[in-house]
Amino acid sequence: MASYRLIVNGEPRSIEAWDPAQPLLYALRNALGLHGVKFGCGLGQCGACTVLIDGAPARSCTTTIAQAAGKSVTTLEGLGSPERPHPVQAAFIAEQAAQCGYCTNGIVMTAVGLLARTPHPTAEQVKTALAGNLCRCGSHDRVVRAVLRAAAGAGS
Amino acid sequence: METRLYTRRAVLKGGALVVGFSFAGLPLASAQGVAQAGAAPGRTLDQRQVDAFLAVRRNGSVIVYSGKVDLGTGHRIAMRQMVAEELAIPVTRIELIEGDTALTPDQGSTAGSSGVTRGGVQLRQAAATAREALIARASTHLGRPAAELELADGYVRATGGSARISLGELVGDSAFDVPMNPKARLKDPGTYTVVGQPLPRPDIPAKLTGRYVYVHDFKLPGMMHARVVRPPAVAAQLLDYDAGSIAQIPGTQVVRIKDFLAIVSDDEWAAVRAARELKTRWSEAATLIGHTAVRAWARSGPFTNNEVLVNKGTTAALAGSAHALRAAYYWPVQSHASIGPSCAVADVQADHATIWSASQGTHRYQSAYAQMLGLPREKVHLIYLDGAGCYGMNGHDDAAADAVLLSRALKRPVRVQWTREDELGWDPKGPPQLLEISATLDAAGHIDAWETEMWLPTATANLAHVPLLAPQAAGMPQPVGESTGLIAQNGDPPYRAPNVKVHVHWIAQAPLRPSNIRAPGKVANCFAVESFVDELAAHAGVDPLEFRLRDLADPRGVEVLKKAAALIGWQPRSASESRRATQPVATGRGLAYVHYKNNENYVAIAMEVAVERSSGKISVKRVACAHDCGLMINPDNVRAQVEGCILQTISRTLYEETEFDRSRVTSVDWSSYRLLRFPDVPQLDIALIDRRHEPPLGAGEAATAPVAAALANAVFDATGARLREAPFTHERVRAALAQA
């Protein structure tokens, strides 16, 4: 059993894992109880497991705990809370931009990454940035509106 | 009907333990789930009693017990709105418990767009009955005639006076003990203040901030993680496995029950890795027909029976007619393709079991798990927790069966989550549908005779027999399962036609285990019917909108068609005017209409598409939809459902087919089973028709039905090419263009 140190939502954490190839996803969900991150495919194809690693969106299902060691990880919980949501979360709440909400974690994290790079994207840029995030319920239209709303600073 | 002796304490126990819910968005579903498991049964579940549906606490807050569940569809707010309106209390004073077999009445599965239509309407009637009872009681307390009393803000008060008494004082700590009154007067929709408002969903803030507890996130003390090891071929038998092959992975255990094989571990990743690395030997099995053979197979039988669904006038002349138009349409096998692979948690004890499941039918599956466990049905307690959107019976009920078997074997709580490959490979599938339509026009170009012939698997004929995988593999008996939907509906044209016959050949087998998938059967049937109507219009040289309107009598149908056409900016033209053979990218527009199930929603959809001739790529540019579902409880939820219906069905129409060979499903990831992606999403213009004095009809399914036909008709308008087989792959489009 090896120990891996990383910063999660601003706090230094030490995670025990028997396998350096264990995906970060399981450490977050089980060891740390941060279940905002969701398992969707384990293949890096759907985006449901997206977190920010050193500020950039990354797939936690294909990032190993060893690769994440020493880095700073932000999860959906780390962005904001129901009482004090992050502007992107607030915009999604305002637009009611989720149905089942299972894919939403990855979409929000990807949108936060987009807005960090491109604070005022066009609708097309939002769609392109989210091309790797699958949604089955069909909340896409609201999601795009929510990201644009967050960009416009009208999230809450 | 299950009837339990009512005790006051049990109601309060069931309710008081779930106070963690708040509209700030922190439903403590995990605590709720555990608390509900511990709640002693004792509430009445007798749907003839108001107490089955409603309870009032001493503080005046109301608990709603809903057998229907929220599948991401917004029922949590809609059900509250229906009750709040009748009881004149704010929605924030209402808690809702859903899909719990010990606490909520069996209102039937949450399927067929029945949540609001049946479930909500029942709750509304319970609330209206309760209102009458509250006023009668208050009349005694206050010494005022009932006619002078009204409900407002949690009180019964005298009109024009100051005397009042709160709901908590009237009922808190006791039961209504009032039979349901089907004639209890409902509020006049003209006076609604809560129903019809686009109130936000209570679950969204927690879902957006990672606090919501899905069934995937639910944990129990001592819970083990499991992965099922699926065979390499459908119907293969397990010969043996090599436990030594996973010796390097710590803390894992193999469970085998006949052909059911699973890995369990306290550590989820260990279970995942061991399930991948376990060396197994299975028998050869090649029992499937392969997806490319399904269309021809459908006609070959054997058939259980032929059924005539519509027989009006005579269509005898069609068979030999040289003037008749004919076309065949095919819809492939499709997956529910849930984004989250199915998951469930089971805690099986010697004399009872508790199962946390994202099932659409928690009450229905009590029997299946009870039979697996040899327990009486009432000793099996299912509690609904959200899963990923399912759109019909996906793998959730199977995952629960997996967990039941494993928890029984290990005497520990067990969480089973499927893999991506499990979900796309082994979820019960939307069935294939083959339709052939022939028709003749009269001298003026109206439909004279119409015949629809369908070939559909019997296992989808609203019979109840989707077998669960785990008991099947373990060689255990199981009762008949989920009903699979009314897939033969909407096979007749929704326009005036004097001679119509619709008949179906029920195929004895199905190519893969079938189940209900959103708007069962109607997506394909409307695709065929409304594509063929378009073919008739083109043949008659009449504008497709005009062709429909001139033979549509129902004013609600006329309204949605006209509205959708207006939204898209419909310009009348006959098909021959619109072909632009010279342009590399051809654009066109099409429309389609459905009167869902012939007695529910009215939906018209118009679309603009662009077709790239060289590649065969279709881009949907714009979708206009006019939607009439009667009374809308929450228009924003309705809009979300309509958006979802449209986008999901564009995905099914353009991209989706479950591919399989003789042994197994081969489209088991998101590159081989493609879904609509963000860049593919068109502009949506949706008009919701306000019909507040009509019954509510639900919104979860109907708008799916006209999508494929509108899309195909737009492609025809653009190019003259007819697409009669989904999905509309680049290859199929190029082939159709070559024939156009």
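In the predicted model, chain B holds an open sheet of three strands, ordered β1-β2-β3, with mixed pairing; two strands are taken to pair if DSSP finds at least two bridges between them. Helices (H or I, at least four residues) and strands (E, at least two) are DSSP runs, numbered from the N terminus. The edges of the sheet are formed by β1 (54-56) and β3 (94-98) of chain B, each of which pairs on one side only. From one strand to the next the twist averages 20°; axes are lines fitted to C-alpha atoms, for helices over the stretch in contact, and angles run from 0 to 180 degrees between N-to-C directions. Three bridges link β1(B) with strand β2 (residues 62-66) of chain B in the antiparallel sense, and B:V56 lies opposite B:V62 in β2(B). Helix α3 (residues 75-87) of chain B packs on this sheet and touches β1, β2 and β3 of chain B, its direction making about 130° with that of β3(B). Contact here means heavy atoms within 4.5 Å.

Residues are numbered from 1 along each chain as its sequence is written, while chains are lettered from A and ligands numbered from 1 in the order in which they are written. Because the model is predicted, local features need pLDDT of at least 70 and side-chain atom pairs count only at pLDDT 80 or more, whereas totals for chains, interfaces and linings use all residues; side-chain values use heavy atoms, with hydrogens and water left out.

A second open sheet in chain B has four strands in the order β21-β22-β23-β24, again with mixed pairing. Strands β21 (585-595) and β24 (683-688) of chain B stand at its edges with a single partner strand each, so one side of each has no neighbour in the sheet. The twist in this sheet averages 15° from one strand to the next. Strand β21(B) and strand β22 (residues 602-612) of chain B run antiparallel and are joined by 11 bridges. Within this pair, B:G590 has B:M607 of β22(B) as its bridge partner.

Helix α18 (residues 707-719) of chain B packs with helix α13 (residues 522-540) of chain B at an angle of about 30°, the axes being 8 Å apart. The two helices, α13(B) and α18(B), are therefore roughly parallel, a class for angles under 35 degrees, with those over 145 counted as roughly antiparallel, 65 to 115 as roughly perpendicular and the rest as oblique. The crossing of α13(B) past α18(B) is right-handed; a crossing is right-handed if the near helix is turned clockwise from the far one by less than a right angle, and left-handed if anticlockwise. On the α13(B) side the contact involves B:C526, B:F527, B:E530, B:S531, B:D534 and B:A538, which meet B:A708, B:A709, B:A712, B:N713 and B:F716 in α18(B). Seven of these contact residues are nonpolar, two polar and two charged, where Ala, Val, Leu, Ile, Met, Phe, Trp, Tyr, Cys and Pro count as nonpolar, Asp, Glu, Lys and Arg as charged, and the others, Gly among them, as polar.

Helix α17 (residues 635-654) of chain B also meets α18(B): their axes come within 9 Å and cross at roughly 60°. This angle makes α17(B) oblique to α18(B), and the crossing is right-handed. Here B:C645, B:I646, B:T649, B:I650, B:T653 and B:L654 in α17(B) are in contact with B:V707, B:A708 and B:L711 in α18(B). The contact of α17(B) with α18(B) comprises seven nonpolar, two polar and no charged residues.

Two cis peptide bonds are described in chain B. The bond from B:G301 to B:P302 is cis, with omega near 0°, and B:P302 is placed in the loop between α8 (294-300) and β12 (303-312) of chain B. The bond joining B:A726 and B:P727 is also cis, with omega about -5°; B:P727 belongs to the loop between α18 and α19 (730-739) of chain B. In the loop between β7 (224-228) and β8 (238-242) of chain B, the non-glycine residue B:A235 has a positive phi, near 75°.

Between the chains, 53 residues of chain A contact 67 residues of chain B. The two chains bury about 5,100 Å² between them, 58% of it on carbon and sulfur atoms; buried area is the accessible area (1.4 Å probe) that two parts lose on being put together, summed over both. Residues A:W18, A:Q99 and A:R136 supply 17% of the area that chain A buries against chain B, more than any other three residues. Residue A:Q45, in the loop between α1 (24-31) and β3 (50-53) of chain A, touches A:G132, A:L134, B:D669, B:W670, B:S671 and B:R677, not counting residues up to four places away in sequence.
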